[in-house]
Number of protein chains: 2
Amino acid sequence: MLKQAVSVTPSLPTAAQPPTGQQAASPEAANQSAVACCAPLSVRALTTDQAVNLAPAFKALGDPVRLRLMSMIASVPEACVCDLASAFDLSGPTISHHLKVLRDAGLVESDRRATWVWYRARPEAFRQLGALLAPPADPPPTRN
Amino acid sequence: MLKQAVSVTPSLPTAAQPPTGQQAASPEAANQSAVACCAPLSVRALTTDQAVNLAPAFKALGDPVRLRLMSMIASVPEACVCDLASAFDLSGPTISHHLKVLRDAGLVESDRRATWVWYRARPEAFRQLGALLAPPADPPPTRN
DNA sequence: CAACTATCTAGATAGCTGTCGAATCAGAAG
DNA sequence: CTTCTGATTCGACAGCTATCTAGATAGTTG
């Protein structure tokens, strides 16, 4: 069973294990290891390792619920889970699951304050993904 | 079974059904309906419909093999399936499957020429996804 | 037309994923 | 300490997906 033909040590984009609130140390230093890595796709092909490291972030955005959650979080300074959850016809655990996926992908970070948990976007992760999708600076090579 | 809490008519980003080579009519007019739609995530939250339309493109990039395929295609004017396939330890049908996913997501277009099928990136789709991930122009609002 | 090559489609299968309800954990308030 | 509320974790399950082999399709070459 080959699966993905990868044998790298993933070294995931960001915080994956921290159960809850542990990102206090140095949020912007720990995370951009894998996300900040590559020239735009239109400039240079990715290596297998780079693709393995970057794909999870895109995957996390590949679900409509998560993409909307992401946009709701990114469009405000920070968002409370309670507000996020009320925008969907989904159970609390399901929203929590999606938020965890976004967090594991390094796209958001969370922070418990009193009774509530607040989520914030990680702009660095965005910038990196956006840069990957940037068109080439030179005129679009449509042929050769 | 709620699933995604969506009830829209997807109106997918791009060509999904055309079995092979039918994109000759007006490639850049047919496709950008759904991909070209929204302000950056950091500016305004997506509606459910927008998220449903946009998520498949991110999902398509969310697999390491596809992300690398995408980068290989986007970094050259066009790429032959034979060259793409030889870069992976995967069967031909599997590569074909991944290319179809990318095509259905509107990220690439294909074109049979003689015995070979050539794939090209769709820069418009990239630009739109990249724009979604762009950071806000104003200083990053880290608090309120 | 027959044979050959490149690619795609069809069908099968193991593993992943989105969802839920139930149970648990974290704080605030009695 | 007990209770209440917000959020996460756990366990289960249906549906999806990445992969394969086998077979079909498209086009070139003899």
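Which helices and strands each supply at least two residues of the surface near DNA strand D? I went through both protein chains and noted helix H5 (81-85), helix H6 (92-104) and strand E3 (116-121) of chain A, plus helix H6 (92-104) of chain B. Helices (H or I, at least four residues) and strands (E, at least two) are DSSP runs, numbered from the N terminus.

Housekeeping: this is a predicted model, where local features need pLDDT of at least 70, side-chain atom pairs count only at pLDDT 80 or more, and totals for chains, interfaces and linings use all residues. Residues are numbered from 1 along each chain as its sequence is written, while chains are lettered from A and ligands numbered from 1 in the order in which they are written.

Next I looked at chain A against chain B. Here 47 residues of chain A are in contact with 47 of chain B (contact: C-beta atoms, placed from the backbone, within 7 Å). On the chain A side, helix H3 (48-60), H4 and helix H7 (123-132) give two or more residues each. H4(A) gives the most, eight residues.

Last, I checked how H4(A) (residues 64-74) sits on H6(A). The two pack at about 70°, axes 10 Å apart (axes are lines fitted to C-alpha atoms, for helices over the stretch in contact; angles run from 0 to 180 degrees between N-to-C directions). That makes H4(A) roughly perpendicular to H6(A), a label for 65 to 115 degrees. Val65(A), Arg66(A), Leu69(A) and Met70(A) of H4(A) meet His98(A), Leu99(A), Val101(A) and Leu102(A) of H6(A).

Methods: Parallel < 35°, antiparallel > 145°, perpendicular 65-115°, else oblique. Contact = placed C-beta atoms within 7 Å.
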